[in-house]
Amino acid sequence: MKILLIGDASNYHACLGGALRRLGHDVTVASSGSRWMHTHRDIDLARPLPGKAGGALLALKLAAAARRLRGFDIVQISNPVFVELRPHRVKKIFDDLRRHNGAVYLTALGIDVPYYRMCCHNDCPLRYNDVFDRRAAKLRVRQDDWLNKPLVALNDHVYSHIDGVITALYEYHLSVQRILPPDKIAYAGIPIDTQSIEPRPIAPDGRKISIFLGRHSYRMAEKGTDILEKAARIVAQRYPDTCRLDIVENLPYHEYVQRLRAADIVLDQLYSYTPATNALLAMAHGQAVVSGAEPEYYRFIGEDTLRPIINCSPDDSIDSIADTIQSAIADRDRLRQRGRESRDFAVKHNDSITVARRFINFWTR
């Protein structure tokens, strides 16, 4: 098939595109490169400047690339807002994609209006989430960003005219189930190119354990990395001879992966039921991770045996999370076992070829 993946987040479509090519398909990735991550794309859709001037320049980029965005069997957009333009401009591009291509699908990769609505609703099936903090009765994601009329209208338009939705996380799958029939939804998970990653053993006895935390400066409260960082600093201060803490922020993707590779235990996020890209990359390297791993997620993917992820709840205190991290690094044999199981889990559930085949099966069906 001839496939267009437009928009990206955390290297998802770039990695998926590589797997689809290995399976024999003709794939074009058009994206901003996930902003500062500078991930691979065949057509650059990065906004050159902020403000109106940047929007005008990006609109010119899209106009120049218009012919290259036509004639595909499959188009997969990364979000209802798949380019960084105002909603009415995105709607026009979406309608053009439908007019000049075959089927158009959505990859549910992140927060959008349906997910936001679910998280803020009284009947939300999640005990906690990355949008709304019920204990503090406050929104971590700004309400006016997601309830303004043009954005809501764009989301409603896209979901009304999409041929189907493929979800990356259990949480996003729940939100899509509320608005679309089962035959228009499939779960694929997050693709990780495990075949290109050589597992790295946990530090041997006598060498310091490396605790790694990668953060997005503008999403720390949303991800809970501010709390994880405080807990990690407590552990590092308690045991300076046993462990060291490595914190990185907003690095380009390939540089970030090199820094992550040197870690033994990776702190990912606090409000997720599901391990996301950061955690799964670490797991593919054979590292232990602190991330989302609720029983509901394991049941959803049908995993009863491999459960290596260290799951901290947002209801836990900072001291309690610190104790959990401390216990993990204190038992090095168990830490090594978690690392081996992490690698097995990533290969089994999230290898990029496995995820790509889920996409193909859904498109074909």
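**Figure 1. Salt bridges in the predicted model.** The count comes to 22 salt bridges in this predicted model.

**Figure 2. Salt bridge between D95 and K91 in helix α3.** The closest N and O atoms of D95 and K91 are 3.1 Å apart. Helix α3 spans residues 87–100 and holds both partners, which are four residues apart, about one turn of the helix. D95 is buried, its relative accessible area being 18%, which falls under the 20% cut-off. K91 is partly exposed, at 34% relative accessibility.

**Figure 3. Salt bridge between D156 and R117.** A distance of 3.3 Å separates the closest N and O atoms of this pair. Distant parts of the chain are linked here: D156 belongs to helix α6 (residues 149–161) and R117 to helix α4 (residues 113–120), 39 residues apart. D156 is partly exposed, with a relative accessibility of 34%, and R117 is also partly exposed, at 38%.

**Figure 4. Salt bridge between E303 and K348.** The side chains of E303 and K348 meet at 2.9 Å, N to O. Because E303 lies in the loop between α12 (295–301) and α13 (318–330), whereas K348 lies in helix α14 (residues 332–350), the pair ties together parts that are 45 residues apart in sequence. E303 is buried, with a relative accessible area of 1%; K348 is partly exposed, at 46% relative accessibility.

**Figure 5. Network of salt bridges.** The residues linked in this network are D205, R332, D333 and R336.

Technical notes
Residues numbered from 1 in each chain as written. Predicted model: local features only at pLDDT ≥ 70, side-chain atom pairs only at ≥ 80, totals over all residues. Heavy atoms only, no water. Salt bridge = Lys/Arg side-chain N within 4 Å of Asp/Glu carboxyl O. Helix = DSSP H or I, 4+ residues; strand = E, 2+ residues; numbered from the N terminus. Buried < 20%, exposed > 50% of the residue type's maximum accessible area, 1.4 Å probe, protein only.
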